[in-house]
Amino acid sequence: MRIGPIDIDRPIILAPMEDVTDRAFRQLCKRHGADIVYTEFVSAEAIRRGAEKSIRKLRMDAHERPVAVQIFGNTVESMVEAASIAESFEPDCLDINFGCPVKKVAGRGAGAALLKEPEKLSAIAAAVVGAVSLPVTAKTRIGWDHDSINITDTVRRLEDAGIQAVAVHGRTRSDMYKGRADWGRIAEAKRACSIPVIANGDVWSADDAVAMFAETGADGIMIGRGSIGNPFIFAQAKSLVKTGERLPLPSYRDRIDAAREHLRLSLEYKGEKHGVLEMRRHYSTYLKGLPGVSKVRNLLVREPDPAVIVELLREFEAACEALDREGLLKEGGEFLNDHSPKLILNY
């Protein structure tokens with residue numbers, strides 16, 4: 001798959017996710033095999049105003065490359081200005097969000113809302129392409145709702161506007177994240193244009209990655225929620241897709257170690273206060289399926305001292321090891337706010 005100077009065979013890509021794909025998580029996923037990583041989506045209006053929190057989202061490290069910055073907005077003017085500012089942070093490509101379904105984005109006429117205004121979508125895409133020297137890509141959904149699925153028209157418009165690749169999430173905006181992603185519609189998008197198409201939606205395992213390539217004919221696949229608490233999925237998917245070799249699933253030790261490393265990186269990039277606070281949303285996903293998760297999670301999310309957090313994780317790992325020795329590790333496993341019922345655990 002070629003996007004400007006980026007040329008990777010069947011890449012496995014980290015999807016942009018608000019409050020998830022920050023520098024710490026991107027680096028962790030990169031270490032575990034993600035071919036391309038995306039920033040959190042960033043508001044064009046906030047970039048124009050110089051809002052520090054949004055500007056911070058544009059910062060990246062050399063070892064993340066190739067990395068894409070994703071922006072969203074609802075006017076040509078704001079998107080062009082934001083694109084020029086984002087370009088100054090030297091990402092490898094710039095991505096336009098035409099797919100976010102959440103109210104704070106789509107409710108303001110941006111993201112997936114632009115699927116209801118195809119002429120405006122085309123105008124924004126063409127203007128951003130003309131405003132920067134970077135390759136410009138886009139991410140979208142198959143339509144606003146099931147009565148207005150327009151993905152083939154959308155990808156053709158994006159190609160005509162100069163977009164160099166398009167990621168397609170196989171749900172409508174009205175679906176949000178419910179039900180099953182329609183991979184057949186992604187296949188239609190692939191047949192409808194000549195630019196690379198990246199398939200997105202419901203990749204929870206390496207087997208899903210293989211199946212998605214086969215069913216959609218896509219040039220790459222993008223993994224979002226399936227990577228939360230599970231950065232190992234990138235190496236697993238790449239191995240199975242490219243060599244047919246099935247890597248072992250991560251053990252509980254691997255997952256606890258990843259949580260520790262994620263915390264370390266979060267502290268490095270955000271400082272102690274914000275690094276500790278923003279890490280709290282991740283513990284239940286790293287520790288899912290293990291006995292006693294609710295108790296240790298309640299301690300972890302209330303503890304402000306990172307040294308104590310590390311010690312709590314060490315003690316929890318020791319408790320798991322003791323249960324493992326007795327053959328009791330699988331008894332009483334807990335799943336808290338779990339978004340991935342398909343995830344298979346190696347314990």
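## Basis

Residues are numbered from 1 along each chain as its sequence is written. In this predicted model local features need pLDDT of at least 70, side-chain atom pairs count only at pLDDT 80 or more, and totals for chains, interfaces and linings use all residues, while side-chain values use heavy atoms, with hydrogens and water left out.

Helices (H or I, at least four residues) and strands (E, at least two) are DSSP runs, numbered from the N terminus.

## Strand β5

## Neighbours of β5

β5 pairs with strand β4 (residues 36–43) in the parallel sense, over 5 bridges; pairing requires at least two DSSP bridges between the strands. Here S43 stands opposite F72. Strand β6 (residues 93–98) also runs parallel to β5, joined by 4 bridges, and I96 of β6 stands opposite I71.

## Helices α11 and α14

The axes of helix α11 (residues 252–279) and helix α14 (residues 306–325) come within 10 Å and cross at roughly 170°. The two helices are therefore roughly antiparallel (angles over 145 degrees). Their contact (heavy atoms within 4.5 Å) includes I256, L263 and L267 of α11 and I309, L313 and F316 of α14.

Conventions:
Axes are lines fitted to C-alpha atoms, for helices over the stretch in contact, and angles run from 0 to 180 degrees between N-to-C directions. Angles under 35 degrees count as roughly parallel, over 145 as roughly antiparallel, 65 to 115 as roughly perpendicular and the rest as oblique.
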